Amino acid sequence: MNALLTTCAAVIATLAIAAPRTARAEEAIIKRAGDHPRYTFEAEPHGLVGFGGPFEHKNGHLGVGFRGTFVIVQNGFVKTINNSVGITFGADMFIDEQTLFLPVAMQWNFWLSTHWSVFGEPGIGFAINKKDVLHPVLMAGGRYNFSDKVALTMRVGYPAISVGVSFFF
């Protein structure tokens, strides 16, 4: 009797595990202009590694920082796709170098799907406590949007790499 119960339980467990499930595809929204979360300000605390510009004398400098982005155009430069444009500014503190880096850039967002967006950021940065004060900023990044209000954000480019959490207000 125990063998029969064990066999039945094993068969039921196998069927439950192997049962087909409905696949949920990510919905593409890039061609639906303006179909992205509406927000006016994005706050993004992050950790980062500086490797270029004022930080190129070593193999990388660890730091912490903050980016704030004001959306200035909800439906960006290309009216037929889902994009927005903002002005981003920040403060990145590199403790081992006692350097404060202040980037200011244009952020052009492309909303690819319900959870993924990418962006580019050309701009300029000011390094405090360095002899070379002005540095170009050229970043590309992506976000995984957990919801309309919170996203995991990664930025790669010159002069640093950052990973943080974005909060949309």
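The legends below describe several close-up views of a predicted model.

Residues are numbered from 1 along each chain as its sequence is written, and side-chain values use heavy atoms, with hydrogens and water left out. Because the model is predicted, local features need pLDDT of at least 70 and side-chain atom pairs count only at pLDDT 80 or more, whereas totals for chains, interfaces and linings use all residues.

**View 1. The protein chain holds 1 helix and 8 strands.** Helices (H or I, at least four residues) and strands (E, at least two) are DSSP runs, numbered from the N terminus. Read from the N terminus on, the elements follow the order α-β-β-β-β-β-β-β-β. Of the 169 residues in the chain, 37% are buried, where buried means under 20% relative accessible area, exposed over 50% and partly exposed in between (1.4 Å probe, protein chains only).

View 2. Two strands count as paired if DSSP finds at least two bridges between them. β3 and β4 form a hairpin with 4 residues between them, and Q98 in the turn has a positive phi of about 50 degrees.

View 3. N82 counts as buried because its relative accessibility is 0%. A polar atom of the N82 side chain lies 3.3 Å from the backbone nitrogen of G34. Leaving aside residues up to four places away in sequence, N82 touches I29, I30, R32, A33, G34, D35, H36, N109, F110 and W111, a contact being heavy atoms within 4.5 Å.

**View 4. A nonpolar patch on the surface includes V49, F51 and V163 among its residues.** The patch residues together have about 1000 Å² of accessible area, by the Shrake-Rupley method with a 1.4 Å probe, and for residues only the protein chains shown count as cover. β7 (150-158) and β8 (160-168) each supply at least two patch residues, and β8 gives the most, with 4 residues. V163 is placed in strand β8 and is partly exposed, with a relative accessible area of 44%.

Conventions:
Patches are made of residues with over 30% relative accessible area and no salt bridge: like charges are joined within 9 Å, nonpolar side chains (Val, Leu, Ile, Met, Phe, Trp, Tyr) within 5 Å. A salt bridge is a side-chain nitrogen of Lys or Arg within 4 Å of a carboxyl oxygen of Asp or Glu. A polar contact is a pair of N or O atoms within 3.5 Å; within protein, one must be able to donate a hydrogen and the other to accept it, and residues adjacent in sequence count only if both atoms are side-chain atoms.
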